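Dear colleague,

I am handing over the structure we talked about, and you will find it just below. After it come my notes, arranged by region so that you can follow them with the model open beside you.

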Amino acid sequence: MQASRPRALITPLQLGLGVHVHHNFASRFLVSTLNSLGFCSSYYEVQKFESSAAAVQGVDLPGDISNSFVQFVADNVDHNTRTIDGLNTFHGMGIIAGITPGTKRTQPIPRIAFSTDEIKALAKIEIKYYKPQSDRMAELSYAELKNLNTLDKTFRLDLLSVIVWPLKYPIPMWSGFMQMVQTGDYPGKSSVSFLPMIDLNASDMTCIYSTLNFVANQAKRYDITAILTFDQPLYWKALSIVENENPGSTFEVYGFTIRTIPHRDELPRLNRESYE
């Protein structure tokens with residue numbers, strides 16, 4: 001129907017295929033070729049849908065999250081890291097929100113033409129320049145590390161798990177193992193919501209400070225606990241910012257919780273131990 005009357009209606013199948021192809025290949029030629037054969041919407045219509053969807057979402061979290069656990073994650077994001085002239089590269093801070101159980105966006109997307117400047121104005125993060133309020137982190141005292149040259153008596157547990165694991169029939173895979181150790185009702189599959197990026201060096205204190213303020217405002221808006229996860233280098237800088245804030249600051253009022261993930265060198269070992 002859309003191939004015969006392209007200006008009369010927009011069918012979901014053709015529009016969805018056009019958005020999917022553009023998302024995976026970013027090729028105007030491919031979308032236009034499929035459109036000329038009647039398989040998907042035009043490239044102009046795909047761009048209009050994407051800009052309308054971005055404008056509708058803004059910085060909102062999808063659906064009703066009143067009964068969900070929300071955890072924000074921030075890390076550096078790179079795009080076009082290698083170009084011929086060294087220009088048009090992007091190195092900034094990316095932020096996502098993990099929602100458990102997951103939610104879906106049910107709000108319809110209107111067909112409205114938005115300019116790039118209008119989208120930037122709708123979904124942006126206010127940059128707050130960081131100025132240290134105190135230097136409490138300098139007062140920390142570090143305990144002397146204990147001698148770790150001791151015999152690990154638990155190394156035989158790996159051999160025990162290898163022997164005992166096949167004796168259980170049927171042998172559960174990873175999802176089955178998670179069901180064995182999980183207690184209570186299954187909360188449901190999580191969903192990930194992408195939030196705006198900050199066009200600053202992710203290691204810059206101003207960038208981290210702006211990220212903390214954005215997450216704190218989101219937590220205030222949705223009446224949730226502000227939980228933000230960084231990797232270890234950014235975690236230490238974020239912790240120093242929160243600890244150096246004056247009493248009664250935004251981070252203290254909303255009970256800001258900063259978490260970190262294991263070092264990348266530790267992840268293979270943790271995965272191996274989990275499977276064993």
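**Ser68 and its surroundings**

Leaving out residues up to four places away in sequence, Ser68 touches Ile99, Thr100, Pro101 and Thr103. Please keep in mind while reading that this is a predicted model. Ser68 is placed in the loop between helix 3 (43–57) and strand 1 (69–79), and because its relative accessibility is 16%, under the 20% limit, Ser68 counts as buried. Ser68 and Ile224 are 156 residues apart in sequence, yet their C-alpha atoms are 9.3 Å apart in space.

**The chain as a whole**

The secondary structure of the chain comes to 10 helices and five strands, and of its 276 residues 29% count as buried. Among the contacts between residues at least 6 apart in sequence, 75% join residues that are at least 24 apart.

Helix 1 (residues 12–25) and helix 2 (residues 28–36) have axes that come within 9 Å and cross at roughly 155 degrees. That angle is over 145 degrees, and therefore helix 1 is described as roughly antiparallel to helix 2. The crossing in which helix 1 passes helix 2 is right-handed. On the helix 1 side the contact involves Gly18, Val21, His22 and Phe25, which meet Leu30, Val31 and Leu34 in helix 2; sorted by class, this contact has five nonpolar, two polar and no charged residues.

Helix 1 also packs with helix 3, at an angle of about 80 degrees and with the axes 9 Å apart. Because this angle falls in the range of 65 to 115 degrees, helix 1 is roughly perpendicular to helix 3. Leu15, Gly18, Val19 and His22 of helix 1 make the contact with Tyr43, Glu45, Val46, Phe49 and Glu50 of helix 3, and by class the contact has five nonpolar, two polar and two charged residues.

**Helix 7 with helix 8**

How are helix 7 and helix 8 arranged at their contact? Helix 7 (residues 205–222) packs with helix 8 (residues 232–243) at an angle of about 70 degrees, and their axes are 10 Å apart, so helix 7 is roughly perpendicular to helix 8. Helix 7 passes helix 8 in a right-handed crossing. The residues that meet are Met205, Ile208, Tyr209 and Leu212 in helix 7 and Leu234, Lys237, Ala238, Ser240, Ile241 and Val242 in helix 8, and by class they come to eight nonpolar, one polar and one charged.

Ile198 lies in strand 3 (residues 191–198) and is buried, because its relative accessible area is 1%. Not counting residues up to four places away in sequence, Ile198 touches Phe90, Gly92, Met93, Ile125, Ile127, Cys207, Ser210 and Thr211. Thr211 is 13 residues from Ile198 in sequence, and the two are 8.0 Å apart in space, C-alpha to C-alpha.

Asn213 is found in helix 7 and counts as buried at 9% relative accessibility; with residues up to four places away in sequence set aside, Asn213 touches Lys128 and Phe251. Glu245 lies in the loop between helix 8 and helix 9 (250–253), and at 9% relative accessibility Glu245 likewise counts as buried. Leaving aside neighbours within four places in sequence, Glu245 is in contact with Tyr130, Gln133, Arg136, Tyr209 and Phe251.

**Cysteines**

How many disulfides does the model contain? A disulfide is a covalent bond between the sulfur atoms of two cysteines. With pairs of cysteine sulfur atoms required to lie within 2.5 Å, the count comes to zero disulfides. Cys40 counts as buried at 3% relative accessibility, and Cys207, one of the residues that Ile198 touches, is buried with a relative accessible area of 0%.

Conventions: Residues are numbered from 1 along each chain as its sequence is written. This is a predicted model: local features need pLDDT of at least 70, side-chain atom pairs count only at pLDDT 80 or more; totals for chains, interfaces and linings use all residues. Side-chain values use heavy atoms; hydrogens and water are left out. Axes are lines fitted to C-alpha atoms, for helices over the stretch in contact, and angles run from 0 to 180 degrees between N-to-C directions. Helices (H or I, at least four residues) and strands (E, at least two) are DSSP runs, numbered from the N terminus. Angles under 35 degrees count as roughly parallel, over 145 as roughly antiparallel, 65 to 115 as roughly perpendicular and the rest as oblique. A crossing is left-handed if the near helix is turned anticlockwise from the far one by less than a right angle, and right-handed if clockwise. Contact means heavy atoms within 4.5 Å. Ala, Val, Leu, Ile, Met, Phe, Trp, Tyr, Cys and Pro count as nonpolar, Asp, Glu, Lys and Arg as charged, and the others, Gly among them, as polar. Buried means under 20% relative accessible area, exposed over 50%, partly exposed in between (1.4 Å probe, protein chains only).
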